[in-house]
Amino acid sequence: MTELDQVVRILSAFFTALVIIYIIAKFVGEKRKATWFKKRTKSTIFTRRGVLGETWHFGVPCKWQGFVVSFLMFSIIGVVSYFMIFAV
């Protein structure tokens with residue numbers, strides 16, 4: 001495998017991870033995200049997020065459902081990335 005193939009696989013795994021985060025964020029919904037996760041309360045010009053940033057931002061899990069969602073999301077991203085990078 002050439003270096004270019006490795007770069008393409010890593011970048012495709014990264015963008016796939018972003019898609020997975022977006023899908024899970026839409027599936028969970030804003031109301032449940034607000035209940036299950038604690039977001040940053042202080043917002044300044046340096047910490048302000050755009051439309052996609054707010055959609056992708058979950059926060060810190062504060063309920064057991066938030067921990068389950070986080071674990072599943074990290075597991076799915078890990079497994080999919082592993083197969084995209086290392087599978088032949």
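Q: Which residues make the nonpolar surface patch of about 550 Å²?
A: This is a predicted model, in which local features need pLDDT of at least 70, side-chain atom pairs count only at pLDDT 80 or more, and totals for chains, interfaces and linings use all residues. Residues are numbered from 1 along each chain as its sequence is written, and side-chain values use heavy atoms, leaving out hydrogens and water. Patches are made of residues with over 30% relative accessible area and no salt bridge, where like charges are joined within 9 Å and nonpolar side chains (Val, Leu, Ile, Met, Phe, Trp, Tyr) within 5 Å; areas come from the Shrake-Rupley method with a 1.4 Å probe, and for residues only the protein chains shown count as cover. The residues of this patch are Trp64, Val68, Phe71, Leu72 and Ile76.

Q: Is phenylalanine 71 buried or exposed?
A: Phenylalanine 71 lies in helix H4; helices (H or I, at least four residues) and strands (E, at least two) are DSSP runs, numbered from the N terminus. Buried means under 20% relative accessible area, exposed over 50%, and partly exposed in between (1.4 Å probe, protein chains only). At 57% relative accessibility, phenylalanine 71 is therefore exposed.

Q: Which residues of H4 are buried?
A: Helix H4 covers residues 64-86, and serine 70 lies in it. Serine 70 has a relative accessible area of 11%, so it counts as buried. The buried residues of H4 are Gly66, Val69, Ser70, Met73, Ile77 and Ser81.

Q: Against which elements do the buried residues of H4 pack?
A: Contact means heavy atoms within 4.5 Å. Leaving aside neighbours within four places in sequence, serine 70 is in contact with Phe37 and Pro61. The buried residues of H4 pack against H1, helix H2 (30-36), strand S1 (37-38) and strand S2 (60-61).

Q: How far apart are the end C-alpha atoms of H4?
A: The expected span of a helix is 1.5 Å times one less than its number of residues. H4 has 23 residues, so it should span 33 Å. This agrees with the distance between its end C-alpha atoms, 32 Å.

Q: How many salt bridges does a search of the whole structure find?
A: A salt bridge is a side-chain nitrogen of Lys or Arg within 4 Å of a carboxyl oxygen of Asp or Glu. The side chains of glutamate 30 and lysine 33 meet in one at 3.4 Å, N to O. For the whole structure, the number found is one.

Q: What separates glutamate 30 and lysine 33 along helix H2?
A: Glutamate 30 is partly exposed, with a relative accessible area of 46%, whereas lysine 33 is buried at 1%. An α-helix has 3.6 residues a turn, so residues three or four places apart point the same way. Because glutamate 30 and lysine 33 are three residues apart in H2, their separation is about one helical turn.

Q: What is the C-alpha separation of aspartate 5 and isoleucine 85?
A: Aspartate 5 is in helix H1 (residues 3-28), and at 38% relative accessibility it counts as partly exposed. Aspartate 5 and isoleucine 85 are 80 residues apart along the chain. Their C-alpha atoms are separated by 9.4 Å.

Q: In what order do the elements of the protein run from the N terminus on?
A: The secondary structure comes to four helices and two strands. Just after H1, glycine 29 takes a positive phi of about 90°. From the N terminus on, the order is α-α-β-α-β-α.
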